[in-house]
Amino acid sequence: MPDASEALATDARQVAVMTVLTLLAGAVDAVSFLTMGDVFCSLVTGNVLFLSFALAGEGAVPVARPAIAIGAFLAGAASAAVVLKWLAERGRAWFQAGLVSEAVLLVGAGALTLWQHGTEAAADAGSDHGVVALVALAMGVRTSTVLRVHVPGMPTLLSQIAITELINDVLKRPRAALLGMSPRQRLARTRWTATAGGIFVGGVLGTLLLVPLGTGRALLVIAAVVLLLAAATLAVPRPGEATGQDLKGP
């Protein structure tokens, strides 16, 4: 049975992996919103609102773009839920399979953009519904992947719940940071802070570093980071896990 140090190491590993994925989600939405025509490929709530505005006849966003993003996201989430469950039941490396699937879809979206528009600033890619669909499909796969991991407070794609939880906890125990927190409280606050900050920092990095590259190259960079993360989680066994076994989660 794993000892306390092994459990803490596993928790720290999970937070690190989920934080990277949260950063990437912020970067994806920066790239999608700023270069693909006012659409969020990770933040489904934004697309639902865009679709409602378009159906009501207000705003400059057409119906097709948010509708495609929502549909593709749902398709990715549903298909990944089925496939990952099948892999998990057979003891396969389902977490890495989810990340690789996400990366492959992002590579496809990046390659499609480069083929159609070259390396130009991807404002021209806003009309490419195929690119929007592939990126949203990838983010749907991400949703089912992290849902199966189920790290509390770290959904990687949205931050409002984490921000609310953090505020409530600080108000409930305002002096905890000075008087000391239990490992459980510290872990919870770390998760909430990483989620809230990760989306923000990912958006900033995406805007400053990736958007200038154009849609195609930016998506390829994000896909490469996802693949590196999948390889890293597979190569380093969890504490207490025998080397050579399939890694079930981060």
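This is a predicted model: local features need pLDDT of at least 70, side-chain atom pairs count only at pLDDT 80 or more; totals for chains, interfaces and linings use all residues.
1. What is the volume of the largest pocket? About 300 Å³.

2. The lining of the largest pocket takes in 16 residues. Nearest the pocket's centre lie Thr143, Val146, Pro155, Leu157 and Leu158. These five are the ones to pick out when viewing the site.

3. Which helices contribute to this lining? At least two residues each come from helix 2 (44-55) and helix 5 (129-149). Helix 5 is the top contributor, supplying three residues.

4. The class make-up of the largest pocket's lining is eleven nonpolar and five polar residues.

5. Two elements give two or more residues to the lining of the second largest pocket: helix 1 (4-35) and helix 8 (183-210). Helix 1 gives the most, with six residues.

6. How many charged residues line the second largest pocket? One. The rest of that lining is made up of nine nonpolar and five polar residues.

Key. Residues are numbered from 1 along each chain as its sequence is written. Side-chain values use heavy atoms; hydrogens and water are left out. On a 1 Å grid over the protein atoms alone, a cavity is a set of points where a 1.4 Å probe fits but cannot get out, and a pocket is an open set with protein on both sides within 12 Å along at least five of seven lines; lining residues have an atom within 4 Å of a point. Grid points are joined across faces, edges and corners, and a volume is the space filled by probe spheres set on the points. Helices (H or I, at least four residues) and strands (E, at least two) are DSSP runs, numbered from the N terminus. Ala, Val, Leu, Ile, Met, Phe, Trp, Tyr, Cys and Pro count as nonpolar, Asp, Glu, Lys and Arg as charged, and the others, Gly among them, as polar.
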